[in-house]
Amino acid sequence: MSSKILTLDDFDFNGKTVLVRVDFNSPVDPETKKVLDDTRIRAHSVTIKEIADKGGKVVVLAHQGRPGEPDFIPLKQHAELLSKALGKPVKYVDDIYGEKAQKAIKELKNGEILVLENVRMYPEERKKKSPEEHAKSEFVKTLASLADVFVNDAFAAAHRSHASIVGFTVLLPTVAGRVMERELKALDKVLYEAEKPCIYILGGAKADDSLAITRYVLSNDIADKVLTGGVVGHLFLMARDVDIGPPNVKLIEKMELKPLIPGIKELFEKFPGRIETPVDVAVEVDGKRKEIPVSSLPTEYPIYDIGTQTIEKYTKIIKEAKTIVVSGPVGVYEREAFSKGTKSVLEAVAESDAYTLVGGGHTVAATEEFGLADKMSYVSTAGGALIAYLMGEKLPGVVTLQKSAEKS
Ligand code: 3PG
């Protein structure tokens, strides 16, 4: 279980300068550079509002994209979207810790909010260093000298040992924001306090991650069963010595996933009956959906979804579960003909009385598209950090929060 961390309840913010690290990283149109989705900004606005309402002078730190990539843009739009979410003015300065930023921080009044520039414009930000090493940088030293407390709300970036995630924790009292607190609570519920039967439904294309999660949750008796679909399902079928047919094998080879097969075989041997693979699949023939049983494979057509028999089998298991995690769609849900699997599985999850956690960019997008988000117990805003946590990794952003709690 994740050990104790401090939260917004443990600090008096009135009149204090508060550095708040959030994860505003959002999809951006590569041509127009417009931020396409403000889900994360709206989520973090709760933490920012609470601190401002308590009289804090809020200095927001965030990143967007990676240097050199099309979504690496300044945070001006994010500040505007935050202002819209909060219904009050938000200041923005195109500087991270230089004179302009320092002046803007010093001029803040109680309850005011300032967004600094994209922290990844500071070249040292992404250097993989220890918290102590990062704490020696001009960036961290300068901003820490102007602040009273550091709030880490960026669970989605907690798997990065970056300057703005771990550096301030060495120099300032550190507490978790509401998003961080909520994510950890939800994840602990499905990892360490899971009511049984507990099932994990893993799909999508990131088969290496799915294999690591399967290994962790079965080896530690967290999950009773793992249900597979999507490209993950293809690969797990191959590990069962099913010939899935030339176009599908080619895809697995192109994605360089074949080396994972021996590891999957090992799991099948070690945990008999606990990993489910599709019993039928939907392929595309002349632009149309056609379902075929796995016993009739190989197929010369590409597999794009799980079939009706699999949906029925998975739905039965879902109905009996008390804890359910979904990460990755079980088919190419973006195409209507192949959305049936993902939609039916998510509907069954949404209808169940179990504690349900949905995570990962595509899964969350599908859940929203099918109008099911409100029916899930928890929809995570994280991607890579969520996957890392589910495979049992210690996240630097979480470890530093735990250490700060121990120090206090
Ligand atoms: C995310 O969107 O998963 C986080 O913001 C981390 O982004 P990164 O993978 O560029 O570090």
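View 1. The open sheet has 3 strands in the order 11-10-12, and their pairing is antiparallel. At its edges are strand 11 (288–293) and strand 12 (303–306), each of which pairs on one side only. From one strand to the next, the twist averages 35°. Strands are DSSP runs of E, at least two residues long, numbered from the N terminus, and two strands pair if DSSP finds at least two bridges between them. This is a predicted model, in which local features need pLDDT of at least 70 and side-chain atom pairs count only at pLDDT 80 or more, while totals for chains, interfaces and linings use all residues. Residues are numbered from 1 along each chain as its sequence is written, and side-chain values use heavy atoms, with hydrogens and water left out.

**View 2. Strand 10 beside strand 11.** Strand 10 (residues 280–285) and strand 11 run antiparallel and are joined by 6 bridges. D280 stands opposite P293 of strand 11.

**View 3. Helices across the sheet strands.** Helix 12 (residues 308–320) lies across strand 10, strand 11 and strand 12, at about 35° to strand 12. Helix 13 (residues 340–351) lies across strand 11 and strand 12, at about 20° to strand 12. Angles run from 0 to 180 degrees between N-to-C directions, with axes fitted to C-alpha atoms, for helices over the stretch in contact (heavy atoms within 4.5 Å).

View 4. Around the ligand (a heavy atom within 4 Å) are D23, N25, R40, H63, R66, R120, A156, H159 and R160. A polar side-chain atom of N25 lies 3.0 Å from a ligand oxygen atom.

Note on methods
Polar contact = N/O pair within 3.5 Å; in protein donor to acceptor, adjacent residues only side chain to side chain. Helix = DSSP H or I, 4+ residues; strand = E, 2+ residues; numbered from the N terminus.
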